[in-house]
Amino acid sequence: MLRYKVHFRNWENPIQEFIDYDEPEEFVEFVEEEKIYEGEAPDNLTLAFVDGVRRTELACYLENEDGEIFEAMFASVGAGAVYLHMNRLNLMDEALLYPTVERVFLVRKGLDIENYIDLEDLKFSVRLCKDRDISQEINYIMKEELESSTAKKIHDEGRFHIIFCDGILGKKLAGTSCVGYVKNIKRLFLKDTRLIDNLKPGQRTPILRVRNKDPQGSHLDKYVWYLKLSPTEKLWSLVRLEVFAHIPEEKVVQIANISAGVLPLLASQPFIDTRSPQNLLPIRALENALRKHLGHYSMIRHKILEFLNV
């Protein structure tokens, strides 16, 4: 049982989208001629999309005997994948892969709390946030633990032509051929933006190499390219794709060409999704399925309040 006084935070949106916080890579070189390249869409293509969702069940503060206040949160995190066989009917009941839900109670370090909080059929694992704030810790659990584990399982199966993972590729996926699908672009590695200005759906920029240096001096190289999902001006429909640089350049070119030819076909529309066109239709379907796996928000929140004797 919790042995602390609980103070509730003001209402906040329980559904939050993951945002990549860091883009530490630096441009190294072009690996292709600086021109626009046409995409391609082969027949019988099989794709997999990996993504995750997070939901705040209850945000609060805990106060100990000395009057110290600690931020805390009950949260549910889900991850999984959906496969897509191009030019065929894909039913979600069959296409959903490895749906996983983790329920966590996150609190700033310094509190003595049991490892788990049991709410009848719900179990929240307790996580002490040491080096990250609570929101970043939830993102870490979703992306670096659940999504990475799902992507590795699918990669090891070896039955998909391309596996798209949401956001910047983390080090846990190093050595795989997974493709990072970056929807939120904070900066461009291309100094000359004319290539991007002239892009049309079905085309891509040349592939370039970028380098991520860590404080210990080691580095991890990636291949990166950009494409547009819809015929809007400037950067509005732009996305960035990336793979680890251990993949042979010939294979990277093939992946880049397919991504440019296929992803615009899967772009969402504003009347369907406010995050269009970057939130692709398979990703939107996956997110909706994963949110169902999180369970009923009001019922879970009610159980938490009962546990806290509110």
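The buried residues of α4 (249–262) are Val252, Ile255, Ala256, Asn257, Ile258, Ser259, Ala260, Gly261 and Val262. Buried denotes under 20% relative accessible area, exposed over 50%, and partly exposed the range in between (1.4 Å probe, protein chains only). Helices (H or I, at least four residues) and strands (E, at least two) are DSSP runs, numbered from the N terminus. The model is predicted: local features need pLDDT of at least 70, side-chain atom pairs count only at pLDDT 80 or more, and totals for chains, interfaces and linings use all residues. Residues are numbered from 1 along each chain as its sequence is written, and side-chain values use heavy atoms, with hydrogens and water left out.

Helix α4 has 14 residues.

The largest nonpolar core comprises 38 residues. Such a core is a set of buried Ala, Val, Leu, Ile, Met, Phe, Trp, Tyr and Cys residues joined through side-chain atoms within 4.5 Å. Leu47, Phe49, Trp225, Leu241, Leu263 and Leu266 have the most contacts inside this core. Two or more residues each come from β5 (46–63), β6 (69–85), β10 (162–166), β11 (179–182), β14 (219–228), β15 (238–244), α4 and α5. The most, six residues, come from α4. A second, separate core has 18 residues, among them Leu122, Val126, Ile304 and Phe307.

Phe49 contacts Gly80, Ala81, Val82, Leu84, Phe164, Leu263, Leu266, Leu280, Pro282, Ile283 and Leu286, leaving aside neighbours within four places in sequence. Contact means heavy atoms within 4.5 Å.

Phe271, Ile272 and Leu281 make a nonpolar surface patch of about 310 Å². Patch residues have over 30% relative accessible area and no salt bridge; like charges are joined within 9 Å, nonpolar side chains (Val, Leu, Ile, Met, Phe, Trp, Tyr) within 5 Å. A salt bridge is a side-chain nitrogen of Lys or Arg within 4 Å of a carboxyl oxygen of Asp or Glu. Ile272 lies in the loop between α4 and α5 (281–293). Its relative accessibility is 33%, so Ile272 counts as partly exposed.

Positive phi values occur at two non-glycine residues, Asn87 and Tyr98. Asn87 has phi near 65°. This asparagine lies in the loop between β6 and α1 (92–95). Asn87 is exposed, at 66% relative accessible area. Tyr98 has phi of about 50°. This tyrosine lies in strand β7 (residues 96–108). Tyr98 is partly exposed, at 32%.

Terms used. Areas by Shrake-Rupley, 256 points an atom, 1.4 Å probe, with all protein chains shown as cover. Expected span 1.5 Å × (residues − 1).
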